[in-house]
Amino acid sequence: MSELSLFALFYVYLNQNYIIMSDNKVILNYDGNSYEYPIVDSTLGDRGIDISKLRDQTGLITLDLGYKNTGATLSDITYLDGDKGELYYRGYPIEQIAEKSNFTEVMYLLLHGELPTENQFTSFDNNIKKYNFVADEMKKILDVFPRSAHPMGVLSSLTSALTAFNPKAVNVNSKEEMDHAAELMLAKFSHLCAWTYRKTQGLPINHGDNSLSYVENFYRMAFRLPNEEFVMDPVVVNALDKLLILHADHEQNCSTSTVRMVGSAHTGLFASISAGVSALWGPLHGGANQAVIEMLEMIEADGGDVNKWVEKAKNKEDNFRLMGFGHRVYKNFDPRAKIIKKAADDILNALGIQDKALDIAMQLEKVALEDDYFVSKKLYPNVDFYSGIIYRALGIPTEMFTVMFALGRLPGWISQWKEMRLHGDPIGRPRQVYQGAGVRDYVAMTNR
Ligand code: CMC
């Protein structure tokens, strides 16, 4: 043992504060006492130290800004390995799901844990169709929004308003009641997404066509013009189906944690999902797909010098970031981005699209992937970089991009909410390390 290690051991012994880790527990020696914390096993990936007794026993709490090292729950739904760039829904690799499944089947898989039999699929699909009528009064709520309102704000409000029209789906306690609320939500939400879009375009809304699949129905409801026959383009339907599947769940991300946190107070499903929509709206989360296109347009308007903007993103004095690059968990290529990049290439070719902003995107991708700053920090293009490109190629307006993300993420939010309720997770209530003023006496205004 080196002199330095001996010194470190002696120092630790004198201070009597140290941690010893073994295979199944962690021993913390603090202030002369010893405490044991079990290590909780996982099927795949990170194991966790169960510190639920830490504060009671030691008076200490953990501090982990942004929850970078904190497991907030035990979950069976989705597993992702950020170092290897892998993603699994209920154990199935995302590559297989994206190639072989469809969005309705993925909704069932996430919600119920297994792939459906033919009968289960039919009954689930029929229920979603049966419940997808949205109360006519909801149109009046939609009417009062200005046309310029951001669709994510409108969507969040309408989702919350659904509570008033489906009061029996609010206080649900049994698995059956939760599954019913889930089917109502899945059924009605796609209408709300289509309606928010039609509002921004000044188009009359409609209630869809139940002879179509979930994705086809949404596509037609959102984009059918009143004065033209609607043509169902299979390239678009296929791209939408894939995009929705790839966004369907992503374990404990910001919006999902929000849904679980709100739901942990036993708030109903619709209100919890409404909170998730608001969380997703932010440009560091789902709003990034909109931010990507806005950034590309800005670079184009500025003359299209990609290197200049890459340099700006690297400059610590400049708060510009390359939108669509980097991820909290993936430190390798985002597996969804790999699938979506191929879809983006196929769609641009199939539709023969020539678009300066999309050319800039391709240049940006190349420069960043070869640049030392991005390589050393493991900042790869994420799913939102390519999803924005596809939505733009399909002619979907920029402000709608995050709504498309929300439609995809809905089954994940619902499945996580249901799991949290069925596991009986306690109400979410983090602690803090207070660093404000010490205790002091009130000073009258005349003496301040
Ligand atoms: N451009 C330039 N530098 C970046 C970028 C970027 N897009 N992302 C991270 N960095 C740098 C950052 O400045 C920091 O540098 P340093 O270590 O020198 O201080 C380092 O990389 C680590 O960044 P971080 O902000 O500490 O990482 P994080 O895990 O807290 O944030 C992120 C992850 C996704 C918020 C961030 O990468 C980002 O802001 N990206 C752009 C927004 C975006 O594309 N968001 C969509 C995420 S994917 C969809 C979803 O699941 O929500």
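1. How far is an oxygen atom of the ligand from an N or O atom in the side chain of Lys316? The gap is 3.1 Å. Keep in mind as you read on that this is a predicted model.

2. Gly324 works through its backbone instead, where an N or O atom sits 2.8 Å from a ligand oxygen. As for cover, the ligand by itself would expose 940 Å², and the protein buries 78% of that.

3. Now the wider shell. There are 19 residues around the ligand, and the ones that come nearest are His285, Arg321, Leu322, Arg328 and Lys377. Sorted by class, the shell has 8 nonpolar, 6 charged and 5 polar residues.

4. Next, a pair of helices. Helix 13 covers residues 288–301 and helix 16 covers residues 356–370; their axes come within 9 Å and cross at roughly 100°. Angles from 65 to 115 degrees count as roughly perpendicular, so that is how helix 13 and helix 16 stand to each other.

5. Who does the touching there? On the helix 13 side, the contact is made by Met295, Leu296, Ile299 and Glu300. Helix 16 brings Lys356, Ala357, Ile360, Ala361 and Leu364. In terms of class, this contact has 7 nonpolar and 2 charged residues, with no polar ones.

Notes
Residues are numbered from 1 along each chain as its sequence is written. This is a predicted model: local features need pLDDT of at least 70, side-chain atom pairs count only at pLDDT 80 or more; totals for chains, interfaces and linings use all residues. Side-chain values use heavy atoms; hydrogens and water are left out. A residue is near a molecule or strand if one of its heavy atoms lies within 4 Å of it. A polar contact is a pair of N or O atoms within 3.5 Å; within protein, one must be able to donate a hydrogen and the other to accept it, and residues adjacent in sequence count only if both atoms are side-chain atoms. Accessible areas come from the Shrake-Rupley method with a 1.4 Å probe; for residues, only the protein chains shown count as cover. Ala, Val, Leu, Ile, Met, Phe, Trp, Tyr, Cys and Pro count as nonpolar, Asp, Glu, Lys and Arg as charged, and the others, Gly among them, as polar. Axes are lines fitted to C-alpha atoms, for helices over the stretch in contact, and angles run from 0 to 180 degrees between N-to-C directions. Helices (H or I, at least four residues) and strands (E, at least two) are DSSP runs, numbered from the N terminus. Angles under 35 degrees count as roughly parallel, over 145 as roughly antiparallel, 65 to 115 as roughly perpendicular and the rest as oblique. Contact means heavy atoms within 4.5 Å.
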